[in-house]
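Subject: Structure for you to look at

Hello,

Here is the structure I said I would pass on. Please open it first, then read the notes below it.

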Amino acid sequence: MLIRIKKKSDVVSSEITSPSVYLNRRQLIAATGLAAGSMAFAGKGEPALQQGPGVNAKLENVKEGYSKLAQNDPMTSYEAAASYNNFYEFGTAKEDPVENAGNFKPKPWKVTVDGLCKLSGTFDLDEFLKPHQLEERIYRLRCVEAWSMVIPWIGISLADVVKRHEPSGDAKFIRFETIVRPEEMPGQRSRFILPWPYVEGLRMDEAMNPLSILAVGMYGETLPNQNGAPLRLMTPWKYGFKNVKSIVRISFVDKQPKNTWNEATPHEYGFYANVNPTVDHPRWSQAKERRIGDFLKRDTLMFNGYEEEVASLYAGMDLKKHY
Amino acid sequence: MTAVERPNLAAYARLVKRVATVIALAPAIILCLQVIAGDFGWNPTRAFMDTVGRWAIRLFLLTMAVGPLHRLTGWSPWLAARRRLGVATFAYACVHVAVYVGFELGWSWEMIIDDLADRGAILVGVIALTLMLPLALTSWDGAISRIGGRAWRRLHWLAYPALAHAVYHFGLMVGRDKREALAYAGIVVALLAGRIGAWWARRNRRRLIS
C-alpha cells in the first residue's frame, strides 16, 4: 500500500468519516429485491445521510434518494473524490483542480435557462434550486480513462427542472455550458487544451430519466470547487466527462449540441459516452476499470450497472457507432 | 609533454562510466522515494507506469546524445557512458511494460491480444521495445567480437527507429497536452539530423581522399 504525504490543500484524515461508517450505511445489493426500474430507498431506521468532513457548508433539508450499489461498492473517501479530478479548466493533471481551484468563486452564481422553453431567464442559484427537493444519490462514477469511484451526491432531479421550465415540443436536446473565467480558472487561459466554454448535452429522454440529477453537493456538503461547484450534471450511466461542471447556462435546443470532447477528438469521444465494456477507447480497453483505492481492475458493467434503468433509451441503436 | 599533462583517457572513461551509473540509477532512486512518499496519488500503479515510461524516454534521449557529444568535442571518454545509459533505458522500458501488462491488463492474454490487434498506440510502443531488444542482447563486449564491430555498429543503428517509436508512442498516449511529447520529438529530429549530417560529412571526406 502506498503512503500519501499530505499537502496543505488536502483534507486531514481526522476530518473524514471513516470508511467503516460508510460501509454500514445503505449497502443496497444490486438488483436483488428491487423490482425492475423501480425506485429503491434505504430501509427506515438506518442512519439517514452522509456526514461530510466539514470542509464546505452542510446542506440542509436533504432527503434520501435512489441509490443502488453492490456489496463491493464501498464509498470512495472524500479525500480521494476531492483531490483526484479531471477538470481541465483548472489544469490537465489529476491534482491540478484541487491545487488551482482555490480562487474560484462559486458564490454568487447565476444560471441562465434559455432556448425552446416557456420559463426562461437568468436566475440566482438559490432561486433556481428553491422549487426542487434536494436528494442524496450514491452513484458509481466511471471515468472514460478506466478508473471509477462511488460518490454520495446531493442534487435535484433534472426531470423536475425540465418540467418546471416547460420546454416546447421542438426541444429535443438540452445543452449545458460551463462558466468561462480564465482569471479564476488557469486552464482556460490556453485554448490549446480545449475550446472553451466546455459544452455538453443530453437527449431530452436522457435528461428526463430519473437517474439524471443536477448536483450541488457531495458527502453532505456543498460541492468543492474542484468537483464542479456550485452546480454540475450527474448522469451515472455515462462516462464522467458528460457530467459538465460549474454550469451557467442550460438551453433547450432542437439539434444535438456539439459537446466539447467530441469536437476536440471525435474518433475518441462521442456524444452519448455511455459506459460500455464492449466498446473500447482507441487507446485502451473499456472492459475493466480501477476503482480508486483498489490495486487490480474490476469488470466494467454495461451502462455502469444502471442497465435496468437506462437500456431502453438506446433500444435499437448501434452503440458501437453511437459511442 | 609531461606525464601530468598527457590525457589519461582510460581514467576519464572510468570516471564517465561512474557518472553514467549514477545517472542511470537516479530515476530508480527517485521513483522509490516517490513511492515511499505517496507521490503517485490515488491511482498509483497508473501514475507509476507513466512516470517510469517518461524516464525511459529521457534516458534514451540522453543515451543518443552521447554520440553527438563525442563528435562535437572530439573527446572519446564520453562514449564510455553510452552502454550504461542504454541498458538502463531498456530496463526502465521493461518495468514500464511489466506494470502495464501486470496491473493495467491484469496478465490477461485476452486483453494483451486485444491490445495488439486494436490499439495502434500500444503497437507503436511494442515496436519500440522489440527494436531495443537486439541492442540490449548485444550490449556486452563478447557480442561485439562475435558479430564483428562493423555489423554490431550497423545493428545499433536500430536505436534511431526504436527511439522514434518510443517518442511516437508517448505522443499518442498522452491526452490533450502534447507539449512534452513535442519537445522530445524535436530532440529526436535534431539527433537524427546530426547523425545524417555526420554521415554526409564523412562520405564527402572519403570522396576527397579517393
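A helix axis here is a line fitted to C-alpha atoms over the stretch in contact, and an angle between two axes runs from 0 to 180 degrees between their N-to-C directions. Two packed helices are described by the angle between their axes and the distance between the axes. Please keep in mind that this is a predicted model.

Helices 1 and 2 of chain B

The axes of helix 1 and helix 2 of chain B cross at roughly 165° and come within 11 Å. Angles over 145 degrees count as roughly antiparallel, so helix 1 of chain B is roughly antiparallel to helix 2 of chain B. The contact involves residues of helix 1 of chain B, including Ile23(B), Pro27(B), Leu31(B) and Gln34(B), and residues of helix 2 of chain B, including Phe48(B), Thr51(B), Trp55(B) and Leu59(B). By type, the residues of this contact are 11 nonpolar, 2 polar and no charged. The crossing of the two helices is right-handed.

The loop between them

Asn43(B) is in the loop that lies between helix 1 (9-37) and helix 2 (44-73) of chain B. Is Asn43(B) buried or exposed? The relative accessible area of Asn43(B) is 4%, and buried means under 20%, so Asn43(B) is buried.

Beyond its neighbours within four places in sequence, Asn43(B) is in contact with Tyr84(A), Trp147(A), Arg290(A) and Ile292(A). With Arg290(A) there is a polar contact, side chain to side chain, at 2.9 Å.

Regards

Key. Residues numbered from 1 in each chain as written. Chains lettered and ligands numbered in written order. Predicted model: local features only at pLDDT ≥ 70, side-chain atom pairs only at ≥ 80, totals over all residues. Heavy atoms only, no water. Helix = DSSP H or I, 4+ residues; strand = E, 2+ residues; numbered from the N terminus. Buried < 20%, exposed > 50% of the residue type's maximum accessible area, 1.4 Å probe, protein only. Contact = heavy atoms within 4.5 Å. Polar contact = N/O pair within 3.5 Å; in protein donor to acceptor, adjacent residues only side chain to side chain. Parallel < 35°, antiparallel > 145°, perpendicular 65-115°, else oblique. Left-handed = near helix turned anticlockwise from the far one by under 90°. Nonpolar A, V, L, I, M, F, W, Y, C, P; charged D, E, K, R; others polar.
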